[in-house]
Amino acid sequence: MKEIRFHGRGGQGVVTAAEILAAAFVREGKFAAAFPMFGFERRGAPLTAFLRFAAEPIRERTQIYTPDCCVVIDPALARMPDTYQGLRPGGVVVINGPGSALPAGVAAGIVAALPASAIALEELRRQAANTAMLGGLARATGWITLASILGVLADYFTGAALEGNRRAVQRGYDEAVVREVREAVYAVS
């Protein structure tokens, strides 16, 4: 079983991203479970969503404390060490932003950075970086195919929103800068 934790703020599509990704895993014949954890339910409040996927049914419905991957949709959260708490050694981090620097002591194995907010503004005309981040995750991990993500978008969007989100996912995949990290990465900024 693999576990993914999404970090963002209310209104950024954090929960929707986890649900879309779960549907894409199911499309590939895997089992998946996605669920959010709300603090204050309001736009702009910090929000975490969780996703598990496996080849066998998933019975566990608890928070994810030791993720294999952290997806950081809100760029401001990328600088906070708590965002990466419990990340398994050699884990994957997907960051919305131009750089791939992490707070001191975060021992990721793969770091992917992409300009998801800029992609969202260009393709969707709003700050909904969630689908672009899914493209970056597909590229960084290889756990899911790009075709599976693109294939389930029609279950969530229609018309111009569907086409814009398809372009955002594709661009997230194409524009993600992925690097392997051999030792702890320390923030430069």
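**Cores, helices and ring pairs**

Author: The largest nonpolar core holds 42 residues, and those with the most contacts inside it are I4, F6, L21, V71 and V94. A nonpolar core is a set of buried Ala, Val, Leu, Ile, Met, Phe, Trp, Tyr and Cys residues joined through side-chain atoms within 4.5 Å. Buried means under 20% relative accessible area, exposed over 50%, and partly exposed in between, with a 1.4 Å probe and protein chains only. The largest share of this core, nine residues, comes from α1.

Reader: On what basis are these values given?

Author: This is a predicted model: local features need pLDDT of at least 70, side-chain atom pairs count only at pLDDT 80 or more, and totals for chains, interfaces and linings use all residues. Residues are numbered from 1 along each chain as its sequence is written, and side-chain values use heavy atoms, with hydrogens and water left out.

Reader: Which residues does V71 touch, leaving out those up to four places away in sequence?

Author: Contact means heavy atoms within 4.5 Å. With residues up to four places away in sequence left out, V71 touches I4, R5, F6, H7, V94, M133 and L137.

Reader: How many residues are in the other core, the one with V72 and L77?

Author: That core lies apart from the one above. V93 and V106 are also among its members, and its size is 13 residues.

Reader: How many helices and strands are there, and in what order do the elements run?

Author: Helices (H or I, at least four residues) and strands (E, at least two) are DSSP runs, numbered from the N terminus. There are five helices and seven strands. From the N terminus on, the order is β-α-β-β-β-β-β-α-α-α-α-β.

Reader: What are the end C-alpha atoms of α1 apart, and which of its residues are buried?

Author: The expected span of a helix is 1.5 Å times one less than its number of residues. For the 14 residues of α1 (residues 14-27) that gives 20 Å, and the end C-alpha atoms are 20 Å apart, which agrees. Its buried residues are V14, V15, A17, A18, I20, L21, A22, A24 and F25.

Reader: Which residue follows α3 with a positive phi?

Author: The phi value is near 75 degrees. The residue is G142.

Reader: How many aromatic pairs are there?

Author: Rings of Phe, Tyr and Trp (its six-membered ring) pair if their centres lie within 6.5 Å; planes under 30 degrees apart count as stacked, over 60 as edge-to-face and the rest as tilted. By this rule, the count is three.

Reader: What type of pair do F35 and F50 form?

Author: F35 lies in strand β2 (residues 31-38) and F50 in strand β3 (residues 46-54), 15 residues apart. Their ring centres are 5.4 Å apart and their planes are at 40 degrees, so the pair is tilted.

Reader: How far apart in sequence are the parts that F53 and W143 tie together?

Author: The two rings form a tilted pair, 5.8 Å centre to centre with 50 degrees between the planes. Both F53 and W143 are buried. F53 lies in strand β3 and W143 in the loop between α3 (130-141) and α4 (146-152), so the parts tied together are 90 residues apart.
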